[in-house]
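Hi,

Here's the structure I said I'd pass on. Have a look, and my notes follow below.

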Amino acid sequence: MPEQPELTIQGWGPRDATGTRAEDGDAGGVEASAFPDLAEVLPKAARRHLSRELGWTPRRTPPVPVTQIRLAPSRLAEDGRLRLAELLGEEHVSTDREARLRHAGGKSYLDLLRRREGDASDAPDAVVRPGSTAETAALLALCSELGVVAVPFGGGTSVVGGLSGVDADDRPSISVDLGRMTSVHALDVASSLVTVGPGVRGPTLEEHLERHGLSLGHLPQSWEFATMGGYAATRSAGQASTGVGRFDDLVAGLTLATPSGVLELGSPPASAAGPDLLGLALGSEGALGVITELTLRVRPEPRTRHYEGWSFRSWEAGLAGLQRMARHDLLPDVVRLSDPDETRAELLDGSRAGASLLRGSLRLRRRAAGCLLVVGWEGLPAAVRARRRAAASVLRGAGAVRLGRRVGEAWRRHRYAAPYTRDSLLDAGLLVETLETAATWTALPTVHDAVRGALREALGRRGKRPLVMSHVSHVYATGASLYVTVLADRDDALPIQQWLSAKRAATDALLSAGGTLTHHHAVGADHRPWLEREVGPLGVEVLRAVKQRLDPRNVCNPGVLLPD
Ligand SMILES: Cc1cc2nc3c(=O)[nH]c(=O)nc-3n(C[C@H](O)[C@H](O)[C@H](O)COP(=O)(O)OP(=O)(O)OC[C@H]3O[C@@H](n4cnc5c(N)ncnc54)[C@H](O)[C@@H]3O)c2cc1C
């Protein structure tokens, strides 16, 4: 695995023809001209289809050059900077433009829009890099004393405004970059436990584990960049979560540095010593402190992998098939069921899985109104064989038609590709964003209809219609997640308001229909107005009380999780 390049200050940036992410060049980020042309990321048929569907005319709407991004002077007082430098070392405290821009916000559509418009008002006043739990705890205590907000920064891939550093009191903020804490501290092979620093990224950890015949198996689409601390802080779910579990399930213990001291949480393999305090840290999004170490459950590296495609006649039939597999405990490790709109888009996308689908799966093309299911099994060959046979009989019984391995393998090969096209689509005047939820099997069809209806109404205007594509990708005995991708013609005059009103409508609709506020992206700044609808007023008060005890000066990422 080559060394991971840094993220650009835009989205994912481009990939070259070999599938490797292109280098950023100068540290200021990538100019619009460095991105592949729209024609390179979207084949002609897809461009035509989108123009027709959305009422969109491709046009050049490049971001402002990096040099013209507006950045206010750092508000960190010189004596505060000196105190931080005294604690961490001068070389680990930066107030320069480049460091601050690189830590400005995350990767949501709104984050990208703001930066494309030259707005870096969410940039921190300084970036600091602690090297240990003790240093991080001392840093948070110092922030409390100085009245400086501390926002933990892992891979910077938040898509819910988790890094915006919003503070009702408008205090100076620092980004606490965990990039120095990237070691694998210990591996207990007998107990299947690995202990790591919070800044470790997926590829590095998998490479380390592979040398011992082990794997973590947490593979979100942001895998190349996101970190272990970020996964725990947001309760992430990877593409194989149906089999491997969510990241919450993989955390056996962690260390949380807070302004009030250090908490060591989790007692593997299991304990009944009262409520599980580990659950308080999972999903805490930096609002209670900084996760400085994690002990994770690992598994043997799979000896074989088998991915294949199936086709259902309809979305309802597909959901019924998954539900039946779930009920009989026959779920594959990877499950991804696309609705008819997403299936059609997959078929048109000649640059990715779609090309192989078209070549290898005429049956699916004939059923263009149908739904594509990708399933994958990993593990010991005999177990994979047996599980595959049992699942196949359930799928056939539910009316699915097998499309074969080529479809599944094409999906697996291109599983990280989609985000690399996003900047080019934005350059061409499109709105591109995703949202996600989860619902019980009973509520899922209603939630699907409600979200689509709300987005179509909010984004439809004179001759324009959004394309709303959904899939289920994390399946439980009780229900499943729903992941929605939206493409629409961007309102060039008011792009931020356009998305804010669509997001508000979609969130209201999915909550009213019985969906959860989020399945794996977390609350961040974007979802916090709705938290009370999910956990209730008393639930919010309990969280506030915990925060008050651990972070009495409210310096730990005050802009996320808890409503104002
Ligand atoms: C293209 C793309 C694809 C994505 N795909 C997936 C997916 O498949 N599944 C999924 O679950 N998510 C996905 N995400 C969302 C994102 O990658 C996850 O939320 C991820 O867990 C964030 O990790 P990070 O290291 O980048 O954290 P950051 O973005 O740096 O931080 C996220 C939040 O956690 C806090 N935080 C970070 N590190 C720590 C720490 N050590 N201690 C305390 N708080 C901390 C931050 O302050 C922030 O509030 C995707 C995002 C993008 C842009």
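Which residues of the largest nonpolar core touch the most other members? In this predicted model, Leu322, Leu337, Leu373, Leu455, Val472, Val475 and Trp499 do, out of 74 residues in that core. (A nonpolar core here is a set of buried Ala, Val, Leu, Ile, Met, Phe, Trp, Tyr and Cys residues joined through side-chain atoms within 4.5 Å; buried means under 20% relative accessible area, with a 1.4 Å probe and protein chains only.) Apart from it lies another core of 40 residues, including Leu214 and Val334.

Now the ligand. Pro152, Thr157, Ser158, Ser222 and Thr227 come nearest, out of 35 residues around it (a heavy atom within 4 Å). By class, that shell has 15 nonpolar, 18 polar and two charged residues, with Pro counted as nonpolar, Gly as polar, and Asp, Glu, Lys and Arg as charged.

As for polar contacts (N or O pairs within 3.5 Å), ligand oxygen atoms sit 2.6 Å from a side-chain N or O atom of Thr157, 2.8 Å from a polar side-chain atom of Thr234 and 2.8 Å from a polar backbone atom of Gly155. The protein covers 96% of the 970 Å² of accessible area that the ligand has on its own (Shrake-Rupley, 1.4 Å probe).

α8 (228-234) is one of the elements giving two or more residues to the shell, and α8 gives the most, with five (helices are DSSP H or I runs of at least four residues).

Housekeeping: residues are numbered from 1 along each chain as its sequence is written, and side-chain values use heavy atoms, without hydrogens or water. As the model is predicted, local features need pLDDT of at least 70 and side-chain atom pairs 80 or more, while totals for chains, interfaces and linings use all residues.

Cheers

Methods:
Buried < 20%, exposed > 50% of the residue type's maximum accessible area, 1.4 Å probe, protein only. Polar contact = N/O pair within 3.5 Å; in protein donor to acceptor, adjacent residues only side chain to side chain.
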